[in-house]
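User: Please examine the structure below and answer a series of questions on its architecture.

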Amino acid sequence: MKRPMPVFLAFLILGIIWGSLSLSPLWFFIASLFIFTLGLSFMIFFKIRLFIILPCLFVLGFLLSYNKTNELNALCDGLADSRINLTAQGEVTDVNAKNLTLKTDNFGEIGESSKVVKIICYTDEPSACDIGDTITVTGRLNTLSPKYNPSDFDEIQYYKCRGISYKMYDPKIGYISSNRNIPYYLSLLRTKAGTALDNMYSEENAGILKAMLLGDKTYLSEETELLYKNAGIYHILAISGLHISLIAAGLMFLFRKPRHSLIIIALLFSYALFTGLSPSVVRAVIMMSVLLIGRLIGRRYDLISSLSFSAFLILVINPMYLRDCGFLYSYCSVLGIALFGRHFSNGLKAIWGKKTKPQRLIADSIGTSLSAVSITKLINMWFFYGISVYDFISNLIVLPFVGIVLLSGTFSILFYALKLKIYTLFVFVAEFILNFYKISAEGIVSLPLCVITTGRPVLSFALLYIIFVIVLKLSILYKNKAAVAAAVLTLSSGIFIHRTELNRDRIAFLYVGQGDGIVGFSGGITFVYDGGGTKEDPNEADEGTYTILPYLEYSGKTRVDYAFISHIDNDHMKGVYELIGNIEIGGIYLPEGSYSSDLYTLLKEKAEAYNIPITYFSAGDSLEVNDEAFFSCVYPFFRPSRGNYGRKRYKYGS
């Protein structure tokens, strides 16, 4: 078998998925028997001699995933979320603008815990500490927040991937000592580079360059993140293969002999450590290391085998990355290029007939862009509940200049540190391109149907999409038109199933902390009953932004036909207030009465600005949706303008 690594990875992933389900031993035995049979089939069909390794990899994946999913620290879990202030002592492993991470196995008031744990500490002054410092933090230990609603941010998944098990808010920090190790000096260099960017660039562009060069996204504004996401170019803000390729090319120019490959690999891993060891960086460094080792021993480089090998290593170290957005997006984009990049480019060249050099370059660029997004569409639907229609166009615009931005940003930092005025030239170039990116992204986002809200795909659609990709690849390899038709039919079936599932009638009682938050779908109609809310400041984002709106997007909805508010207390009305302007609303319905609330006044003004009618209900009033469904008001009983038990009927759309 020419490429065993993808098969090994597939069996490891099957085990990880099975282990994350936490099934009974009986089901595990059944699955193991199935995998053993499947491994035997692979041995016969692909002539794999050591077929037993495949079931072993499945068991390995199961054990790694099961242990990681169910690992507990009984001592810490017993104290977390209590009212007791604990003092933990340990080493700072990460610092950014909003928090620091502490690695500890010692809680001073209760002795040593059973194992090393990491705590993320949210504090206003994280920069007071450096990586490598030994400190104490005193405060209440909190467990990571579970997903109360299906569209909530999965804090447990996100931080468990990064080895973090607990959190503290505003702890009291005590400094003990510092440790001048390699991570400390890399962190110091990273801090100085960030300061230099702040001094040279505008606040917005400095935040973008910190993300692109230093791997620190904490300085990105919400507006910039949303703009880049909607335009389909958010991935350029993450350090990935392009960055590593440019660095490796420069190092290979300096160290030209194959025997210098180990030096280049060491420097690349140092850069990965410098930028925070994100999955995309680690993936790119491992793949580049495979290429360099092949260069050293005289072996040919294979993209798919290298991609599978890097994923295998990362998942063995931490199987929870299999559900991480950054991990999946990075690997799926490269996998798309590996599967379809050459075919799409050759197809465009064949269409054009006689090809000039510019046409070949354009064909390669379009082919690479289309192939990169061919699989990541599913990732976008799963994590962001929508797809960008023009992302391949925006990538054609921005990708040719990313290298220039990276080099300009790097040289501006270097020359600024050397106090050479030539840095202003590189600042001008980087600022010009980043401003061009912003203008281009805004233009693309303004196009009709730029972002289509799809909702999270059901599992059957996700499986059919994967089958579609496999069948499409086979149809291209074997030039079979029937297979192309089968691929199209598979995708169409998946879309039909997905839309049918999203359009079924249901009501969701969402967890909004305080107050009510109810969302319902019936007969093609979407309604909201209260929206929760705990923040007093009307301008501060609350449950409407973080709970109600994400759930509507999760459900594939772009319009609320009816927004009912039971009464005007903030914990019922503020969420609906936040929906205005963020999603189309057909009408707002309030109980009859006299109100003087500040938020009520703001809601009326905002609704008027967006031409949303406000209707007042009392007992006996009803709202006709269609021939079979309607809303009927049962309280309050008094309508001052018409007396008790007034009757009024409203029709949908009126």
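This is a predicted model: local features need pLDDT of at least 70, side-chain atom pairs count only at pLDDT 80 or more; totals for chains, interfaces and linings use all residues.

User: How many helices and strands make up the secondary structure of the protein?
Analyst: The protein has 654 residues, of which 46% count as buried. Among contacts between residues at least 6 apart in sequence, 70% join residues at least 24 apart. The secondary structure comes to 21 helices and 22 strands.

User: Which residues does Tyr-437 touch, not counting residues up to four places away in sequence?
Analyst: With residues up to four places away in sequence left out, its contacts are Tyr-228, Ile-236, Val-398, Phe-401, Val-402 and Val-405.

User: Which strands stand at the edges of the open sheet, and why is one side of each left without a neighbour?
Analyst: The open sheet has 6 strands in the order S10-S11-S12-S14-S16-S17, with mixed pairing. Its twist averages 20° from one strand to the next. Each edge strand has a single partner strand, so one side of each is left without a neighbour in the sheet; these strands are S10 (506–509) and S17 (614–617).

User: Which residue in S11 stands opposite Phe-509?
Analyst: Strands S10 and S11 (residues 517–522) run antiparallel and are joined by 4 bridges. The residue of S11 opposite Phe-509 is Ile-518.

User: At about what angle to S17 does helix H21 run?
Analyst: Helix H21 (residues 598–609) lies across strand S16 (588–591) and S17. Relative to S17, the helix runs at about 130°.

User: Which helix gives the largest share of the lining of the second largest pocket?
Analyst: About 910 Å³ of space lies in this pocket. Its lining has 24 residues, and those nearest its centre are Leu-213, Ile-247, Tyr-271, Thr-410 and Phe-411. The elements giving two or more residues to the lining are H6, H7, H9, H10 and H15. The largest share, 8 residues, comes from H15.

User: Is Leu-262 buried or exposed?
Analyst: Leu-262 is found in helix H10. The cut-off for an exposed residue is over 50% relative accessible area. Leu-262 has 54% relative accessibility and therefore counts as exposed.

User: How far apart in space are Thr-534 and Asp-571, C-alpha to C-alpha?
Analyst: Thr-534 is placed in the loop between strand S12 (525–531) and helix H19 (543–554). With a relative accessible area of 39%, this residue is partly exposed. Thr-534 touches Gln-514 and Asp-542, not counting residues up to four places away in sequence. Thr-534 and Asp-571 are 37 residues apart in sequence, and their C-alpha to C-alpha separation is 5.6 Å.

Conventions. Residues are numbered from 1 along each chain as its sequence is written. Side-chain values use heavy atoms; hydrogens and water are left out. Contact means heavy atoms within 4.5 Å. Two strands pair if DSSP finds at least two bridges between them. Axes are lines fitted to C-alpha atoms, for helices over the stretch in contact, and angles run from 0 to 180 degrees between N-to-C directions. On a 1 Å grid over the protein atoms alone, a cavity is a set of points where a 1.4 Å probe fits but cannot get out, and a pocket is an open set with protein on both sides within 12 Å along at least five of seven lines; lining residues have an atom within 4 Å of a point. Grid points are joined across faces, edges and corners, and a volume is the space filled by probe spheres set on the points. Buried means under 20% relative accessible area, exposed over 50%, partly exposed in between (1.4 Å probe, protein chains only).
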